[in-house]
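Hi everyone, thanks for coming. Let's take a look at a structure together, starting from the whole and then moving to a few residues.

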Amino acid sequence: MNINISEHHTSETCTWCEKSKECVTADFNDAFIGKAAMCWNCLQKAVKVSSRKETDETSGHNRKPTD
């Protein structure tokens, strides 16, 4: 997983929490979110979720309940 941080915004609407905060533009290379403005707190959450998703895909685990 690669995430490129390209811009800093003193006041921008976070893509994740939809609040106006200090944000950065983050570009996720795995198409999880794509390129989006995110506050630092939500960026941290997005990295954790993306990391879990990547780990599950490589280990073959599926978090969805089966019928």
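I'll begin with the overall fold and then turn to one helix.

First, some ground rules: this is a predicted model, where local features need pLDDT of at least 70, side-chain atom pairs count only at pLDDT 80 or more, and totals for chains, interfaces and linings use all residues. Residues are numbered from 1 along each chain as its sequence is written, and side-chain values use heavy atoms, with hydrogens and water left out.

So, what pattern does the protein follow along the sequence? It reads β-β-β-α, with one helix and three strands. Helices here are DSSP runs of H or I with at least four residues, strands are runs of E with at least two, and both are numbered from the N terminus. Of the 67 residues, 25% count as buried.

Now let's visit helix 1, which covers residues 40–59 and holds S50. Is S50 buried or exposed? S50 counts as buried because its relative accessibility is 1%; buried means under 20% relative accessible area, exposed over 50%, and partly exposed in between, using a 1.4 Å probe and protein chains only. Beyond its neighbours within four places in sequence, S50 touches M1, F28, D30 and F32, where contact means heavy atoms within 4.5 Å.

K48 is in helix 1 too. With 45% relative accessibility, K48 counts as partly exposed.
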